Amino acid sequence: MYAGGGSGEVARAASAVEVSSIEGKSGWLVRNALVDRLGAGRDEAPRYRLDVRLDERLQGLGLVGNDAITRERRTLRARYQLVDTASGRILLDATAKADAGLDVVQNEYAVIAAEQTALENLSHEIADQIVTQVAVRLRARS
């Protein structure tokens with residue numbers, strides 16, 4: 001798919017993808033991961049725009065006798081569209097989803113750190129899924 005390395009057709013097309021702003025902390029993490037993976041901004045003028053909307057959930061699971069939560073599930077879902085900026089045509093309209101389970105312990109700092117780490121990992125996983133689909137679509141166009 002990336003024949004020719006960074007100078008191959010798909011890599012050049014991927015670098016011509018402008019990633020729109022995404023709301024929230026998770027949006028900031030996903031956008032940064034996408035920009036890094038796509039190599040966005042290397043091309044003079046973007047030929048494509050990637051619009052992403054995130055849905056983030058943190059759900060308590062695993063109740064014990066005193067109704068204390070012992071597990072959490074963090075889910076990150078992205079709906080994204082790859083748009084040809086010249087024509088306004090949507091080239092790709094898809095979703096990506098990732099989730100992680102967390103143990104809830106008595107140390108509140110440990111729980112917060114685990115939730116943050118999970119969000120960072122999920123952001124990278126979502127970005128990987130999006131970049132793969134975008135690269136496949138751009139390869140099909142060339």
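**Start of helix 3.** I began where helix 3 starts, and there a side-chain oxygen of N107 comes to within 2.9 Å of the backbone nitrogen of Y109. Helices here are DSSP runs of H or I with at least four residues, strands are runs of E with at least two, and both are numbered from the N terminus. I noted that this is a predicted model, in which local features need pLDDT of at least 70 and side-chain atom pairs count only at pLDDT 80 or more, while totals for chains, interfaces and linings use all residues. Residues are numbered from 1 along each chain as its sequence is written, and side-chain values use heavy atoms, with hydrogens and water left out.

**Length of helix 3.** R139 lies in helix 3, which covers residues 108-141, and R139 counts as exposed because its relative accessible area is 51%. The cut-offs are under 20% relative accessible area for buried and over 50% for exposed, with partly exposed in between, using a 1.4 Å probe and protein chains only. From R139 I looked across to A13, which is 126 residues away in sequence but 8.5 Å away in space, C-alpha to C-alpha.

**Helix 2.** Which residues of helix 2 are buried? I listed S26, G27, L29, V30, A33, L34 and L38. They lie on the same side of helix 2, because they cover an arc of only 165° around the axis, the arc being that of the directions from the helix axis to the C-beta atoms. On the other side of helix 2, W28 and D36 are exposed, and for D36 the reason is a relative accessibility of 60%. D36 and S15 are 21 residues apart in sequence, with their C-alpha atoms 9.8 Å apart in space. After helix 2 comes G39, whose phi is positive, near 70°.

**Strand 3.** In strand 3 (residues 69-84) I looked up Q81, whose side chain is joined to that of D93 by a polar contact of 3.3 Å. Such a contact is a pair of N or O atoms within 3.5 Å; within protein, one must be able to donate a hydrogen and the other to accept it, and residues adjacent in sequence count only if both atoms are side-chain atoms. D84 is also placed in strand 3, and D84 is buried because its relative accessible area is 12%. Leaving aside neighbours within four places in sequence, D84 is in contact (heavy atoms within 4.5 Å) with R47, Y48, R89, L91 and R141. The C-alpha atoms of D84 and Y48 are separated by 4.6 Å, although the two residues are 36 apart along the chain.

**Whole chain.** Stepping back, I counted three helices and four strands, which follow the pattern α-β-α-β-β-β-α along the sequence. Of the 142 residues, 37% count as buried.

**Confidence.** The pLDDT, the predictor's confidence in each residue from 0 to 100, averages 87 over the protein chain, and 89% of the residues score at least 70. Confidence is lowest in helix 1 (residues 9-15), at a mean of 80, and highest in helix 2, at 95. I keep in mind that where pLDDT is low, the predicted coordinates should not be read in detail.
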